[in-house]
Amino acid sequence: MLKIVIADDEFPSRQELRALLETNSNLEIIAECEHGEAVLDYFSNNTADAVFFRY
């Protein structure tokens with residue numbers, strides 16, 4: 001199972017991305033971050049296989 005972090009500054013975008021990713025049973029969403037600095041903070045103490053964000 002791939003461990004995923006979702007990152008986007010807009011809550012509705014994170015919700016939409018979460019809904020899309022949750023349809024795949026091989027993915028586990030382990031964190032959501034509101035901005036790049038929060039992603040860096042998360043990875044200072046944690047790991048993940050991928051980060052998904054909307055551009």
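Helix α1, residues 11-21, lies across β1, β2 and β3 and runs at about 170° to β2. Helix α2 (residues 36-43) lies across β1, β2 and β3 too, but its angle to β2 is about 120°. Here, helices are DSSP runs of H or I with at least four residues and strands are E runs of at least two, numbered from the N terminus. Angles go from 0 to 180 degrees between N-to-C directions, with axes fitted to C-alpha atoms, for helices over the stretch in contact, and contact means heavy atoms within 4.5 Å. All of this comes from a predicted model, where local features need pLDDT of at least 70, side-chain atom pairs count only at pLDDT 80 or more, and totals for chains, interfaces and linings use all residues. Residues are numbered from 1 along each chain as its sequence is written, and side-chain values use heavy atoms, leaving out hydrogens and water.

Now for the sheet. Its three strands form an open sheet in the order β2-β1-β3, with parallel pairing; two strands pair if DSSP finds at least two bridges between them. At the edges sit β2 (27-33) and β3 (50-53), each pairing on one side only. On average, neighbouring strands are turned by 30° against each other, ignoring direction. Strand β1 (residues 2-7) runs parallel to β2 and is joined to β2 by six bridges, with K3 standing opposite E28 in β2.

Between β1 and α1 comes a loop that holds D8. D8 counts as buried (under 20% relative accessible area, with a 1.4 Å probe and protein chains only), because its relative accessible area is 9%. The D8 side chain reaches the backbone nitrogen of E10 at 2.8 Å. Leaving aside residues up to four places away in sequence, D8 touches S13, R14, C33, E34 and R54.

Notes: Buried < 20%, exposed > 50% of the residue type's maximum accessible area, 1.4 Å probe, protein only. Polar contact = N/O pair within 3.5 Å; in protein donor to acceptor, adjacent residues only side chain to side chain.
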